[in-house]
Amino acid sequence: MHQYKSDLLRLLDERGYIHQVTDAAALDALAAREIVPGYIGFDATAPSLHVGSLVQIMLLRRLQQAGHKPIVLMGGGTTKIGDPSGRDESRKLLTAADIHANIASIRRVFEAFLTFGDGPTDAVLVDNADWLDALDYIPFLREVGPHFTINRMLTFDSVRLRLDREQPLTFLEFNYMILQAYDFLELSRRAGCRLQLGGSDQWGNIVNGVDLARRMDGAELFGVTTPLITTADGGKMGKTAAGAVWLNPDQLGPYDYWQFWRNTQDADVGRFLRLFTDLPLDEVARLEALEGAGINDAKKALADAATAMLHGADAAAAANETARLTFEEGASGAELPTLKVAGEISVADALVGLGFCASKKEARRLIAQGGARVNDEAVSDEFAMLTVIGDTRVSAGKKKHGLLTAA
């Protein structure tokens, strides 16, 4: 642990968010004496962000908790290009209408984590299309282009990865890092923004922005990156066999979100409690020290706190109770995924309809492997049919349960 003076860097350090800082001493002094506006950019490539973006959202929450001003930058402009960082291939280009709809949908998630308003530490949401769409190409090249060398741009991981694998990197994507640096410059000019935060893969892009603002405006800007959040087994945070863990409730319900956190690996519980909840650090230390069956209490505390933050305390309590009834008492909880059925349905169709399998082929394979149960009885016939009269519980493996109800 470092001996930081500012509440901001002390909070980020204690809870495990800091990987790199451009000038830690100067940022620490700045944050100790005045309100620092800081931003993170989010591209609007889908109607919802997923749990892989949550550490960045929590960074903005910590910024606000420490008495500073979060700026949520939606990439209405940069989404039209696509960030090549960490990708082997180009993104599918979206229409302006798609991007606009995605931004409106994503905003709802930020409102669960941040306080928006007009006050000095209230969060604001801005869209880089406001300035990027209005750029004139030749004046932009003349003003900004001389501050970037191709030699240096070719050393960036996002570029080198693609070139090393002999995969095409379009000139469109090559521009992305210039536009991201320009975003930092614009936010410095428009909103007094002094800090950009991001994942470790964004370090080069952040440093570009710091350098550009120094060269063009003589401004002193700062950058902080977080470590890559992986699970104890080396997997990527938020990637599950069932797909992405979405943050919008219409794409993933509170119960499934609660279950995602409840299924955290033992070795990750303490770290995730620090990163993804507001529980005090002494309580985190107590939960982290639990052993044996007690670690399940820590996982439930993580699931409760994380779900309450996104979906509200009532939804978290309902999910907890549903899990208790389902796993501890064998009953059927009201929050389980449900599928209305008129008469008959095959077990395979039920597994697909409840979202447990992506296709009938996958569902039949699960049945053949002994992974499907109906009312806690194993099903071995891949073509088995069910007649749904009352509530019927269907399970995939040990952790996925749903209800079939008569239509």
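Q: Which residues does L54 touch, not counting residues up to four places away in sequence?
A: L54 touches F113, L247, Y257, W261 and F276, with those up to four places away in sequence left out. Contact here means heavy atoms within 4.5 Å.

Q: What kind of model is this, and how are residues numbered?
A: This is a predicted model, in which local features need pLDDT of at least 70 and side-chain atom pairs count only at pLDDT 80 or more, while totals for chains, interfaces and linings use all residues. Residues are numbered from 1 along each chain as its sequence is written, and side-chain values use heavy atoms, with hydrogens and water left out.

Q: How many residues has the largest nonpolar core?
A: The largest nonpolar core has 67 residues, and L54, F110, W261 and F276 have the most contacts inside it. Such a core is a set of buried Ala, Val, Leu, Ile, Met, Phe, Trp, Tyr and Cys residues joined through side-chain atoms within 4.5 Å. A second, separate core of 29 residues includes L73, Y182, C193 and L212.

Q: Is C193 buried or exposed?
A: C193 is buried, because its relative accessibility is 0%. Buried means under 20% relative accessible area, exposed over 50%, and partly exposed in between (1.4 Å probe, protein chains only). C357 is buried as well, at 6%.

Q: How many disulfides does a search of the whole structure find?
A: The search finds zero disulfides, a disulfide being a pair of cysteine sulfur atoms within 2.5 Å.

Q: Changing topic, where is N248?
A: N248 is in the loop between β8 (243-244) and α12 (254-262). Helices (H or I, at least four residues) and strands (E, at least two) are DSSP runs, numbered from the N terminus. N248 has a relative accessible area of 0%, so it counts as buried.

Q: What is N248 in contact with, leaving aside neighbours within four places in sequence?
A: With those neighbours left aside, N248 is in contact with P47, S48, S105, R108 and V109. The side chain of N248 also reaches the backbone oxygen of P47 at 3.5 Å.

Q: What joins the side chains of S105 and N248?
A: A polar contact of 2.9 Å joins them. The term covers a pair of N or O atoms within 3.5 Å; within protein, one must be able to donate a hydrogen and the other to accept it, and residues adjacent in sequence count only if both atoms are side-chain atoms. S105 lies in helix α4 (residues 96-113) and is buried at 11% relative accessibility.

Q: What about the phi of E166?
A: E166 has a positive phi of about 55 degrees, although it is not a glycine. Most residues other than glycine have a negative phi. E166 is found in the loop between α8 (157-164) and α9 (171-174), and it counts as exposed at 75% relative accessibility.

Q: How many helices and strands has the chain?
A: The chain has 18 helices and 15 strands. Of its 407 residues, 49% count as buried.
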